[in-house]
Amino acid sequence: MFLTKSEEKALAGESGEALEIAYRVLVAIGKISNAKRLIPIKWAHVSGVSYLTIGEYGLDFLKKISSTRGTKFRVFTTVNPCGMDIENWDSLDIPADYADKQLKIISYYEKLGIANSFTCVPFQSYKVPRRGTSVAWAESSAAIYANSILGLRTNRESAVSALASALTGKTVYSDLHIPRNRSPTKNIRVDLKRRNGDRLAGSVDYGVLGYFAGKNVPGVIGFQGQKFDLGMAEAKALCAAIGTTGSSGMFVLNSKERLETIDFTKKEYEEVFSELSQSGEGEAVVFGCPQMTIEELYELSRMLAGKHFLKKCFVFCSSKMYEISRTRGYAQVIEGAGATFVRDACADFTPLISALNVDSVETDSCKGAYYMHKVHGVNISLKDTKTLIEENAA
Ligand code: F3S
């Protein structure tokens, strides 16, 4: 792989150990993917923030990188949600030793220079660059959204490769950065006769489709068979579910390509749904995987007006969206209905779910359903947002 003089020097350690490690990571990825060069990026989005996912090894690694003198992120860098509400963790039964480690991780990232965000929906909090711009985003749901909806170019970065890109301002020119690799490789044809007026509608339906598509198509997915008019909530659910089950980094709606085609019928829908939803009811309700957008918070507040939850309910969103929703009065309605906001945290990779001490949870997220079941061992009742409110608030 071609490296410029300054990249070679940094790789040789002349710009410090942190940059040397970062270039070693990028060069290793470049070799595996047969890349010819590195390219500049405008935005890095780093995952690996929750102590539940990175553990002691990640904590030590970040400490080492951030304490190397003069080491800073070179491009605009956002980070994924962490494992707890940073302001409110002690009232949410987060163990103090966990909180201590989580706060250390946050302080290391802050030292390196992050935008003030802990979100898996970074495209709602910050101005998105123009279409065609290369970025380096970890967090599969956001990366798939970036490629498929925003027209940005990114590979599905890992926590380490996104960190290397944040430190260098560069990524490997491979895969989805190259225009010819951004066409569908297989189609999924949606054919849901006799279901919901024959069409997918709402974020649970799109999550189920994404879960199926991710499992069956490792490359760029082409969707066809119905008119897909996705709002941000449905698109986010589709992207998150694709990222849960496979390695695809992008989809194309209304694919016209003549390719191998896999049918997604009522049968496949029901198989995925019953895999994700093991229970008819849950003892607590969780919204916000990916974290809720301002539009979803508005909808939630509208549906909850004058109602009160009959069981514990948690709403995950970034502190930025929380502040906006307070300004607009949505947060007061949601809190007035008895729900608890959990800001800046991941709905799945948090000790909060285990601390609830429940056997089952209700959610409207397919990704959340998969990970809460896997990580915390709770059974899941998967329902759309409206049904969750109708059944659990009065
Ligand atoms: Fe976001 Fe965590 Fe779900 S990072 S997409 S809330 S698993």
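**Close-up views of the predicted model**

The structure, a predicted model, holds 16 aromatic pairs.

**View A. The ring pair of phenylalanine 212 and phenylalanine 264.** The two ring centres are 5.2 Å apart and the planes meet at 50°, so the pair is classed as tilted; planes over 60 degrees apart would count as edge-to-face, and planes under 30 as stacked. Phenylalanine 212 belongs to helix 8 (residues 202-216) and phenylalanine 264 to strand 9 (residues 261-265), so the contact ties together parts that lie 52 residues apart in sequence. Phenylalanine 212 and phenylalanine 264 are both buried.

**View B. An aromatic cluster.** Four residues, Trp43, Phe76, Tyr126 and Trp137, form one aromatic cluster.

View C. The ligand takes up the space of the second largest pocket. Around the ligand are Asn80, Pro81, Cys120, Glu139, Ser141, Gly288, Cys289, Pro290, Cys346, Ala347, Asp348 and Lys367. Sorted by class, this shell has six nonpolar, three polar and three charged residues. Domain 1 (5-180) and domain 3 (277-392) each supply at least three residues of the shell.

View D. Alanine 345 is placed in the loop that runs between strand 12 (340-343) and helix 14 (351-355). Its relative accessibility is 1%, so alanine 345 counts as buried, the cut-off being under 20%.

How values were computed: Residues numbered from 1 in each chain as written. Predicted model: local features only at pLDDT ≥ 70, side-chain atom pairs only at ≥ 80, totals over all residues. Heavy atoms only, no water. Near = heavy atom within 4 Å. 1 Å grid on protein atoms, 1.4 Å probe; cavity = no way out; pocket = protein on both sides within 12 Å on 5 of 7 lines; lining within 4 Å. Sits in = over half its atoms within 2 Å of the grid points. Nonpolar A, V, L, I, M, F, W, Y, C, P; charged D, E, K, R; others polar. Domains from an automatic or database assignment. Phe/Tyr/Trp six-rings, centres within 6.5 Å; stacked < 30°, edge-to-face > 60°. Helix = DSSP H or I, 4+ residues; strand = E, 2+ residues; numbered from the N terminus. Buried < 20%, exposed > 50% of the residue type's maximum accessible area, 1.4 Å probe, protein only.
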